[in-house]
Amino acid sequence: MEELLAILEELHPEVDFRTCCTLVEDKIIDSFDIVSLISEIHSEFDVAIPAEEIIPENFNSAAALYRLIQRLEEED
Amino acid sequence: MLFTSYEFLGFLFLLFLLYYIIPKRYQWICLLCASYLFYAFSGIKYLGYIVSTTCSTYLVCYKMEKIGEEQKNYIRLNKERLTREEKKSYKIYMKKKQWNWLLFGLIFNFSILAVCKYVNFSISNINNVLQLIKSNSRLPFLSIALPLGISYYTFQMMGYAIDIYRGKYPAERNLGKLALFASFFPQLMQGPISRFDDLSKTMFSAHSFDRKRIFFGLQRILWGFFKKLVIADRILPAVTTITHNPENYQGVYVFIGMLFYALELYADFTGGIDMVIGIGEVLGVQVKENFNRPYFSKSIKEYWNRWHISLGAWFTEYIFYPVSVCQPMLKLSKFSRNHFGEAIGKRIPVYLATILVWLITGIWHGAAWNFVVWGLMNCLVLLISQELQPCYRWFHRKFHLEGKWGFRLFQVVRTVLLMSSIRMFDCYRDVSTTFRMFFSMLTKYNFMELLNGGMLKLGISAIDYGILFIGMIILIGVSFIGRSGSVREKIAKKPIIVQFLIWYGLFLAVLLFGAYGEGYDASQFIYNQF
């Protein structure tokens, strides 16, 4: 989780990713951020997030994104 | 059959009567018949196109769903026997089978679109190359007419097929219902590109005669008529005069033409969508909003999230994301990180996918180099503004202007001017003329001509300017009021006499100052050409 938070904070240093759970809804992260994030996650965790998983529920918070990474790791 | 024609109004009136007279369970069938009748008005021969797209999409989705069910059953029955690895490879095998069906559907339908829309553009380019290499041979142009709404219904149906492939919701088993989703007449002409899971919620259900909903729908249609007939069609002659005579209208005229076109396009396209949503409301079908006050945007990125929302969302979901996160792209990104550094590696997916999306967006808007350049200009501005994000953050930390009224106004004006100048590619006949006219704004100083009666030589009179000015004030006022909730709801809370005066006033405005007055002819909607 700490590694993921580091990636997110590098993207938007001004956001508190530990508490925020409306990242997509409140347009804090946009499509460019999501793609950069997926590329970073692939590089850091070796997990590929497919396009069908790009839904607000998976990207609204750091915790939701972390759960997605864990699920994809298990499925792999 | 134009929305602004008497035939369409008659068609709508008869449909409305029939729709609420027949038993409710047949309402969607009534809509399907009306939609096909509407389509047949554009030419019976074109029905074949929409029928093939509907049937092929139905078949593809049916097959994909059957494969999905087969997979579930097989895994359920062999749960104990199969190892984790065997289950995984079986799932991959079945997904591949689904993918083959999806690919067939995509290739089949996009090929129809490509042939109808782009074959003559390709022939024209090949002929240009032949001319360049001094060859005497030329390819003949094909006479293919564009079926009504082909871009809209193809994109809508392919979006649906991709959703089924992704398992987002079950495939529609009733061919008639899928045919209605493809052909729903209000949105055939200019969108929006609806999603099946959105539209199907209200499209196939029974609708009672709900007085409030029907009145709201009629009010929305009337507002659309006002925008289209009173504003867009009134300013059209001036835009045409300036952009069709680039040799005579340069310098400040180009600037005026650019702003006039921004107003015309907004009033035309949003007016058309108001009518679509209004007709939907009258029939009880909820069509999603396609605009969210785009001219109040503070950046180009925000503008594209608020203008033609359904098209932008389609491109993001079905092209931008799949291209930027596909395995080859992730591998390319990793390779670039290792060889060219972190900065380049992480930009690769975003940059390549953005360029591709804007190239396709440009071509979608029209089979001409103007639109390709228009798309790439939008892409360039978006990527530059993305790169300048650290500078913007530094600027705001230093000067604390963010959120201040004056600075917001500056951002809005900047976005409108930037978008309007990129849109000049829509108006002029070719790319070189557009660039020439753009630079004439900076080099030719003829502002005084405007004050010496130049404005009255553009094909519209002083009365037209007066009406346009009042129309614009109403447009801006309604946009401002709409920021804090539905304008119609607010009006509905006013005393009945105030409500009557507002709607009757709008009706009179359309009647007196619209296409029915002073010899105007309602023109084609700009976005009908897609």
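Trainee: How many residue pairs are in polar contact between chain A and chain B?

Mentor: Five, counting pairs with both residues at pLDDT 80 or more. A polar contact here is a pair of N or O atoms within 3.5 Å; within protein, one must be able to donate a hydrogen and the other to accept it, and residues adjacent in sequence count only if both atoms are side-chain atoms. Keep in mind that this is a predicted model, where local features need pLDDT of at least 70, side-chain atom pairs count only at pLDDT 80 or more, and totals for chains, interfaces and linings use all residues. Residues are numbered from 1 along each chain as its sequence is written, chains are lettered from A and ligands numbered from 1 in the order in which they are written, and side-chain values use heavy atoms, with hydrogens and water left out.

Trainee: Which helices of chain A supply the side that touches chain B?

Mentor: H1 (2-11), H2 (31-45) and H4 (62-75) of chain A each give at least two residues. H2(A) has the largest share, with 10 residues. Helices are DSSP runs (H or I, at least four residues), numbered from the N terminus.

Trainee: What area is buried between the two chains?

Mentor: About 2,100 Å², and carbon and sulfur atoms give 60% of that. Buried area is the accessible area (1.4 Å probe) that two parts lose on being put together, summed over both. Phe32(A), Val35(A) and His42(A) supply 30% of what chain A buries against chain B, more than any other three residues. The contact (heavy atoms within 4.5 Å) takes 24 residues from chain A and 23 from chain B.

Trainee: Switching to chain B: at what angle do H4 and H5 cross?

Mentor: The axes of H4(B) (residues 84-132) and H5(B) (residues 150-165) cross at roughly 175° and come within 10 Å. Axes are lines fitted to C-alpha atoms, for helices over the stretch in contact, and angles run from 0 to 180 degrees between N-to-C directions. H4(B) and H5(B) are therefore roughly antiparallel. Their contact residues divide into 13 nonpolar, five polar and two charged.

Trainee: What about H14 and H15 of chain B?

Mentor: H14(B) (residues 369-387) and H15(B) (residues 389-399) have axes within 4 Å, crossing at roughly 50°, and are therefore oblique. Under 35 degrees counts as roughly parallel, over 145 as roughly antiparallel, 65 to 115 as roughly perpendicular and the rest as oblique.

Trainee: Which peptide bond is cis?

Mentor: The one from Gly191(B) to Pro192(B), with omega near 0°.

Note on methods
Nonpolar A, V, L, I, M, F, W, Y, C, P; charged D, E, K, R; others polar.
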